[in-house]
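Trainee: Let's go through this model before the group meeting. I'll ask, you answer.

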Amino acid sequence: MRPQINPSILSADFANLERDLAAIATADHVHVDVMDQHFVPNLTLGLPVVRRIAEVSPVPLDVHLMVEDADRWAPAYAEAGAASVTFHAEATQAPVRLARELRAGGVRAAVAVRPATSVEPFLDLLDEIDMILVMTVEPGFGGQAFIEGTLPKVRRARAAVDRAGTGTRIQVDGGVSRATIARIARAGADVFVAGSAVYGADDVAAEIAALRDLAAHPPLDA
């Protein structure tokens, strides 16, 4: 599948958010990090802001919920206009029921796992989810260094998806840049969240294109 680049607005200028959304018009989705100051230490966006982002964004919303009680909150973000809603395995009591509820609402359902959380419990449930997000940093903060030890988890997820033939996407979030994306792509990821690498670039559109090309054609020596 064609690799997707989903810039994270966690690295955008929140005082000029509509401008920074327009800057990523060539991306596949905008990655919207929702943090509640409980599941993770930081506090970011809530439903009213996400609803407004959905109204003005040039690309669909890929909403990543880093919140407690995902079973309660995830459907509301689907209703707010998200194209895809990711909930954390550590924050849900009934992941299959929640994924089915999201899909019934017309959005893609994804499950995220922190670096120390096993992905294996979800590899038998690939028919129920559209994407697995492997966190390659600890959730809650932008600009962190990539955790190399998460790559075997990406490889295991890719092997399971290929065996099952479900087409489930494998997303990575954390430390994605030109220096790391080729290794991540070779491990089997096909959706890449990049925050500071994109918004810190002099030419945002050129950076998106460069990341997409490296993911599609990863050099062996990178």
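Trainee: What is the bridge partner of His31 in β3?

Mentor: In β3, His31 is partnered by Asp62. Keep in mind that this is a predicted model, where local features need pLDDT of at least 70 and side-chain atom pairs pLDDT 80 or more, while totals for chains, interfaces and linings use all residues. Residues are numbered from 1 along each chain as its sequence is written, and side-chain values use heavy atoms, leaving out hydrogens and water.

Trainee: How many bridges join β2 to β3?

Mentor: Six, and β2 and β3 run parallel. Strands here are DSSP runs of E with at least two residues, helices are runs of H or I with at least four, and both are numbered from the N terminus. Two strands pair if DSSP finds at least two bridges between them.

Trainee: Which helix goes with β2 and β3?

Mentor: Helix α2, residues 47-56, makes a right-handed β-α-β unit with β2 and β3. Right-handed means that, with the strands pointing away from the viewer, the path from the first strand over the helix to the second runs clockwise.

Trainee: And the other partner of β3?

Mentor: β3 pairs with β4 in the parallel sense, over three bridges. His64 stands opposite Thr86 in that strand. The chain gets from β3 to β4 through helix α3, residues 70-79, in a right-handed β-α-β crossover.

Trainee: Is β3, residues 61-66, enclosed or open?

Mentor: Six of its six residues are buried, so β3 is largely enclosed by the rest of the structure. Buried means under 20% relative accessible area, exposed means over 50%, and partly exposed lies in between, with a 1.4 Å probe and protein chains only.

Trainee: Which residues sit on each side of β3?

Mentor: Leu61, Val63 and Leu65 are on one side, and Asp62, His64 and Met66 are on the other. Both faces of β3 are covered. In a regular strand the side chains alternate between the two faces of the sheet.

Trainee: Take me along from β4, then.

Mentor: β4 (residues 84-88) and β5 (residues 108-113) are parallel, with five bridges between β4 and β5. Ser84 stands opposite Arg108 of β5.

Trainee: How many residues of β5 are buried?

Mentor: Five of its six, which leaves β5 mostly covered. On to β6, residues 131-135: β5 pairs with that strand in the parallel sense over four bridges, and the partner of Ala112 in β6 is Leu133. β6 in turn pairs with β7, residues 169-173, in the parallel sense over five bridges. There, Met135 stands opposite Asp173.

Trainee: Different topic. How many residues has the largest nonpolar core?

Mentor: It has 72 residues. Such a core is a set of buried Ala, Val, Leu, Ile, Met, Phe, Trp, Tyr and Cys residues joined through side-chain atoms within 4.5 Å. Those with the most contacts inside this one are Ile9, Val32, Val50, Val63, Val85, Leu102 and Phe192.

Trainee: What is Phe192 in contact with?

Mentor: Beyond its neighbours within four places in sequence, its contacts include Pro3, Ile5, Val172, Ile184 and Ala215. Contact means heavy atoms within 4.5 Å.

Trainee: And Arg158, buried or exposed?

Mentor: Buried, at 16% relative accessibility. Arg158 is in helix α5. Its side chain makes a polar contact with that of Asp190 at 3.0 Å. A polar contact is a pair of N or O atoms within 3.5 Å; within protein, one must be able to donate a hydrogen and the other to accept it, and residues adjacent in sequence count only if both atoms are side-chain atoms. Not counting residues up to four places away, Arg158 touches Ile170, Ala187, Gly188 and Asp190.

Trainee: Last one. Where does Thr168 lie?

Mentor: In the loop between α5 and β7. Thr168 counts as buried at 2% relative accessibility. Its side chain makes a polar contact with the side chain of Thr166 at 2.7 Å and reaches the backbone oxygen of Leu126 at 3.4 Å. Leaving aside neighbours within four places, contacts of Thr168 include Met1, Ile129, Met131 and Val161.
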